There are 2 protein chains.
Amino acid sequence: MSNGQTGIPATIRDVAKEVGCSIATVSSVLNGRGRISDATKEKVREACKKLGYFPNAAGRNLRNRTTENIGILFYPSCARIFSNIFYSEMMAGLEEELTKANYNLLLAGYDISTNSSDLPKFIREGSVDGVIMLGGCPDEFKQQLADVPLPFLLLDTNLEGMPVDSIITDGFQAELMAVDYLVKQGHRRIVMFRHRHENYNEEERGKGFLAGAKRHGLENEADVIRVATNDEAVEKIKELMKDETPVTAITAVNDDMAVDIMHRLQLDGINVPDDISIIGFDDIKLARDAIPPLTTIAIDKKRIGKEGAETILSRIKDPGQPTRKIMIPTSLVVRESVKSL
Amino acid sequence: MSNGQTGIPATIRDVAKEVGCSIATVSSVLNGRGRISDATKEKVREACKKLGYFPNAAGRNLRNRTTENIGILFYPSCARIFSNIFYSEMMAGLEEELTKANYNLLLAGYDISTNSSDLPKFIREGSVDGVIMLGGCPDEFKQQLADVPLPFLLLDTNLEGMPVDSIITDGFQAELMAVDYLVKQGHRRIVMFRHRHENYNEEERGKGFLAGAKRHGLENEADVIRVATNDEAVEKIKELMKDETPVTAITAVNDDMAVDIMHRLQLDGINVPDDISIIGFDDIKLARDAIPPLTTIAIDKKRIGKEGAETILSRIKDPGQPTRKIMIPTSLVVRESVKSL
DNA sequence: ATTGACAGATAAAACGTTTCACCCTATGTT
DNA sequence: AACATAGGGTGAAACGTTTTATCTGTCAAT
């Protein structure tokens with residue numbers, strides 16, 4: 001390749017011929033095995049450079065029964081995940097660590113790749129050494145999971161009670177912390193808004209909020225958690241602000257929701273934080289750039305990716321090890337969307 | 001796999017043994033080659049199902065000298081691309097078509113995967129049948145390009161004058177169209193804002209704007225295109241609005257910039273579109289959701305992906321064919337950020 | 001002189017496919 | 001009866017690696 005050889009790439013045999021040794025010798029040098037003289041080593045390396053030789057993946061895969069590929073399975077689809085900025089840093093963490101460990105990333109959307117209830121192609125055909133699932137784990141897949149003959153990891157979600165490795169964030173603690181903070185700022189009536197969407201993170205965050213509310217004796221204010229669309233949330237907030245004991249602060253299940261609600265309220269002449277305080281979750285760019293900047297729960301998304309990479313690599317090395325559930329801590333980022341009463 | 005076999009996957013030999021035929025027969029059935037009786041075909045298919053057999057990719061790759069993988073090379077990095085919502089639909093288009101054609105997607109960031117000026121691993125080791133580059137093509141890579149012994153495609157950017165397949169959008173026509181529209185709405189002083197960033201799309205859009213300005217005799221208003229950060233742009237706009245012939249409309253090189261500028265202006269009490277009109281470019285979600293909704297140039301991003309998939313597959317089939325430069329048309333989406341004077 | 005140890009290198013098998021060339025049998029044609 | 005043809009199927013080679021077992025010298029110790 002590197003110096004205008006013919007289009008067809010050099011093989012280990014070409015290198016051996018160039019050096020005048022056996023292919024076993026070349027392989028030994030390249031893999032640092034066996035006893036080869038320094039002189040020969042040097043000659044082999046030079047020949048490789050000259051011929052632009054790199055070991056062919058298919059050959060190595062076949063012989064080693066290993067692919068040096070990790071499959072990333074997006075649920076529900078690549079597009080849905082890509083467009084969610086939240087995942088970009090997680091992917092960055094994954095990419096960084098996996099590349100460092102000399103693995104390729106293979107991508108597939110769960111829905112598009114698994115028509116006819118087959119597993120995705122790269123699992124079926126043994127093209128990967130392990131699979132990381134992002135974006136949630138659909139029920140249909142839970143059954144199939146037993147059939148996946150590969151190291152498997154759930155990123156940013158969890159299958160409670162099931163022996164599956166997961167990297168998760170501590171949404172429970174985080175919301176607890178958020179409520180504590182709001183109470184400390186003098187808020188007495190606080191409501192959380194979340195989406196209809198059922199998923200591990202939403203559930204955990206909800207539980208955390210509830211626990212926080214209880215801890216501070218706020219739970220008798222019924223309906224402390226509201227399931228709503230953003231539109232509905234805005235309407236509800238306006239209502240609740242007119243109650244005898246008006247709502248003074250809300251928590252949203254993520255920054256997307258928080259910022260959107262905030263903007264809509266502002267357009268209706270409601271000031272944040274003067275009229276109402278808001279806390280988000282995730283600490284995505286949107287939260288930093290919002291006006292006013294959003295107080296929110298920060299997650300180290302890149303770290304989720306890195307821990308994920310480490311976990312799957314470790315399981316590939318030692319498939320028998322006990323299941324890991326790694327909990328990534330969160331932190332409260334105080335900006336300007338919460339007012340002290 | 002599918003019915004609790006041992007962890008080690010069945011091979012073609014296992015299937016042959018189960019059926020009582022040769023592996024050649026099994027292969028023939030699975031690939032629809034050779035003359036095999038219907039009875040035998042049926043038996044083979046059943047055995048495959050029973051044993052959960054799928055042809056192993058490494059074996060097939062080795063024999064066929066084909067990988068059924070397409071490499072996606074992101075510049076500068078996966079993360080930078082992921083977080084840009086603009087690319088999500090392009091990826092969706094790619095994924096849809098490539099998956100349909102039975103290809104896997106392999107991912108790498110250019111910067112992270114090509115340390116030490118090597119090509120990315122998946123190119124070096126022959127793990128892909130073709131490469132699609134997204135996000136631009138850095139100068140360093142232009143040299144290396146000659147060494148890539150593979151079908152190669154640039155998505156959403158172009159190397160002018162070089163024989164490289166590209167799918168591009170017609171930024172020139174689009175900005176021309178934008179200027180036409182603004183003039184028709186009565187605007188006489190229009191300025192375009194773009195970033196310092198050098199890239200094909202920015203250049204094309206700039207040229208288009210300039211051509212539009214000239215066509216309407218607006219070019220004598222010097223400095224019709226401004227290179228600026230968003231902050232600088234906002235300041236400049238405020239100045240230009242105070243000129244003897246004040247600016248009444250601006251065009252931004254993309255929606256991100258347009259919406260950000262719009263929001264900043266609004267915070268300074270400047271009304272869009274009453275005080276100034278704005279047109280963006282790309283038609284991302286942000287543009288639809290902005291308040292007021294942004295008038296912008298729409299690109300069919302998914303189509304870019306689909307055409308890209310088609311193009312690379314076609315080149316894989318017939319590497320000798322002439323270079324393609326496919327231009328995707330754009331359209332003006334009229335919303336509410338432009339006022340008719 | 002014999003043995004042992006060791007450095008340096010290699011032949012050959014194996015990984016799981018696909019396909020080419022061939023074989024065998026049955027059927028039809030002259 | 002001799003021959004062609006077609007249907008059904010198979011053996012073996014090849015794809016590019018890695019690794020195990022083995023081989024050949026050389027040198028030091030006995």
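User: In DNA strand C, what percentage of the atoms within 4 Å of the protein belong to sugar or phosphate?
Analyst: In DNA strand C, 59% of those atoms belong to sugar or phosphate, and the rest belong to bases. This is a predicted model, in which local features need pLDDT of at least 70, side-chain atom pairs count only at pLDDT 80 or more, and totals for chains, interfaces and linings use all residues. Residues are numbered from 1 along each chain as its sequence is written, chains are lettered from A and ligands numbered from 1 in the order in which they are written, and side-chain values use heavy atoms, with hydrogens and water left out.

User: How do the residues near DNA strand C divide into nonpolar, polar and charged?
Analyst: There are 11 nonpolar, 10 polar and 7 charged residues. Here Ala, Val, Leu, Ile, Met, Phe, Trp, Tyr, Cys and Pro count as nonpolar, Asp, Glu, Lys and Arg as charged, and the others, Gly among them, as polar.

User: Now DNA strand D. Which residues are closest?
Analyst: Of the 28 residues that surround DNA strand D, the closest are Ile12(A), Arg13(A), Ser27(A), Arg63(A) and Thr25(B). Sugar and phosphate make up 59% of the atoms of DNA strand D that come within 4 Å of the protein. The side chain of Arg63(A) has an N or O atom 2.4 Å from a base oxygen of DNA strand D. In Ile12(A), a backbone N or O atom lies 2.7 Å from a phosphate oxygen of DNA strand D. H4(A) gives the most to the surface near DNA strand D, with 5 residues.

User: Is Arg194(B) buried or exposed?
Analyst: Arg194(B) counts as buried because its relative accessible area is 9%. Buried means under 20% relative accessible area, exposed over 50%, and partly exposed in between (1.4 Å probe, protein chains only).

User: What does its side chain make a polar contact with?
Analyst: The side chain of Arg194(B) makes a polar contact with the side chain of Glu202(B), at 3.2 Å. A polar contact is a pair of N or O atoms within 3.5 Å; within protein, one must be able to donate a hydrogen and the other to accept it, and residues adjacent in sequence count only if both atoms are side-chain atoms.

User: How many disulfides are there over all chains?
Analyst: The structure holds 0 disulfides, a disulfide being a pair of cysteine sulfur atoms within 2.5 Å. Cys21(B), for instance, has its nearest cysteine sulfur, that of Cys48(B), 9.4 Å away. For Cys78(B), the nearest is the sulfur of Cys78(A), at 12 Å. Cys21(B) is partly exposed, with a relative accessible area of 24%, whereas Cys78(B) is buried at 0%.

User: What about the backbone: which peptide bond has omega near 0°?
Analyst: The bond from Ile291(B) to Pro292(B) is cis, with omega near 0°. Pro292(B) sits in the loop between helix H14 (285-289) and strand S10 (296-299) of chain B. A cis peptide bond also joins Val272(A) and Pro273(A), where omega is about 10°. Most residues other than glycine have a negative phi, and most peptide bonds are trans.

User: What is the phi of Arg65(B)?
Analyst: Arg65(B) has a positive phi of about 55°, although it is not a glycine. Arg65(B) is exposed, with a relative accessible area of 68%.

Methods: Near = heavy atom within 4 Å. Helix = DSSP H or I, 4+ residues; strand = E, 2+ residues; numbered from the N terminus.
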